[in-house]
Amino acid sequence: MAKAFDAYPPNMRRKLLSLRELILRTAATTEGVGELDETLKWGEPAYLTSQSGSGSTVRIDWKAARPNQYAMYFNCQTNLVETFRSLFPREFSYEGNRAIVFKDSEPVPTDALAFCVAAALTYHRKGKAQRASKV
């Protein structure tokens, strides 16, 4: 994983490592998430709840085509980004139904982002609870 982060420009590496730390800290403090698997998906750092199965994958990346931006990606088959957009319409910029996009010159609203990360890491628990209540 270190090689993946080393490949980013130094200023973006710092930004992405900050997002990584927020993801790991949020997972550690969110009930039922458990330990995350940190891996690469499509060459991007990705965080999975393989142990608990509680959530949806969260990825982070920077793309050379947009040198002043970096992003946190969510499964586009979920309603996560749609939910974040309704809850935080001014706090973040969004890319379709798949990402929260950050500008390197702007601070990251970490409390709101931690909420979004926790929602992603517990996404499947909601569905399991609803199915169990119907039994």
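User: Which residue in strand 3 is the bridge partner of tyrosine 47?
Analyst: Valine 58 is the bridge partner of tyrosine 47 in strand 3. Strands here are DSSP runs of E with at least two residues, helices are runs of H or I with at least four residues, and both are numbered from the N terminus. This is a predicted model, where local features need pLDDT of at least 70, side-chain atom pairs count only at pLDDT 80 or more, and totals for chains, interfaces and linings use all residues. Residues are numbered from 1 along each chain as its sequence is written, and side-chain values use heavy atoms, with hydrogens and water left out.

User: How do strand 2 and strand 3 pair, and over how many bridges?
Analyst: They pair in the antiparallel sense over 2 bridges. Two strands pair if DSSP finds at least two bridges between them. Alanine 46 has arginine 59 as its bridge partner in strand 3.

User: And what does arginine 59 partner in strand 4?
Analyst: Tyrosine 73 is the bridge partner of arginine 59 there. Strand 3 (residues 58-62) and strand 4 (residues 69-74) pair in the antiparallel sense over 5 bridges. The two form a hairpin with 6 residues between them.

User: Back to valine 58. Is valine 58 buried or exposed?
Analyst: Valine 58 counts as buried because its relative accessibility is 0%. Buried means under 20% relative accessible area, exposed means over 50%, and partly exposed is in between, with a 1.4 Å probe and protein chains only.

User: What does valine 58 touch?
Analyst: Not counting residues up to four places away in sequence, valine 58 touches Ile23, Pro45, Ala46, Tyr47, Met72, Tyr73, Phe74, Ala120 and Leu121. Contact means heavy atoms within 4.5 Å. Valine 58 and alanine 120 are 62 residues apart in sequence, and their C-alpha atoms are 7.1 Å apart in space.

User: Which residues of strand 3 are on each face?
Analyst: Val58, Ile60 and Trp62 are on one side, with Arg59 and Asp61 on the other, and all are buried. In a regular strand the side chains alternate between the two faces of the sheet.

User: What about the faces of strand 2?
Analyst: Both faces of strand 2 are covered. Glu44, Ala46 and Leu48 are on one side, Pro45 and Tyr47 are on the other, and all are buried.

User: How many bridges join strand 1 to strand 2?
Analyst: There are 5 bridges between strand 1 (residues 37-41) and strand 2, and the two run antiparallel. Leucine 40 has proline 45 as its bridge partner in strand 2. The two strands form a hairpin with 2 residues between them, and tryptophan 42 in the turn has a positive phi of about 55°.

User: Where is serine 56?
Analyst: Serine 56 is in the loop between strand 2 and strand 3. Serine 56 counts as buried, because its relative accessibility is 4%. Leaving aside neighbours within four places in sequence, serine 56 is in contact with several residues, including Tyr47, Asn75, Ala120 and His124.

User: Now the whole chain. How many helices and strands are there?
Analyst: The protein chain has 5 helices and 6 strands. From the N terminus on, the elements run α-α-β-β-β-β-α-β-β-α-α. The radius of gyration is 15 Å, close to the 14 Å that the globule rule gives for 135 residues, so the chain is as compact as a globular protein of that length. The radius is taken over C-alpha atoms, and the rule is 2.2 Å times the number of residues to the power 0.38.

User: How much of the chain is buried?
Analyst: Of the 135 residues, 39% count as buried.
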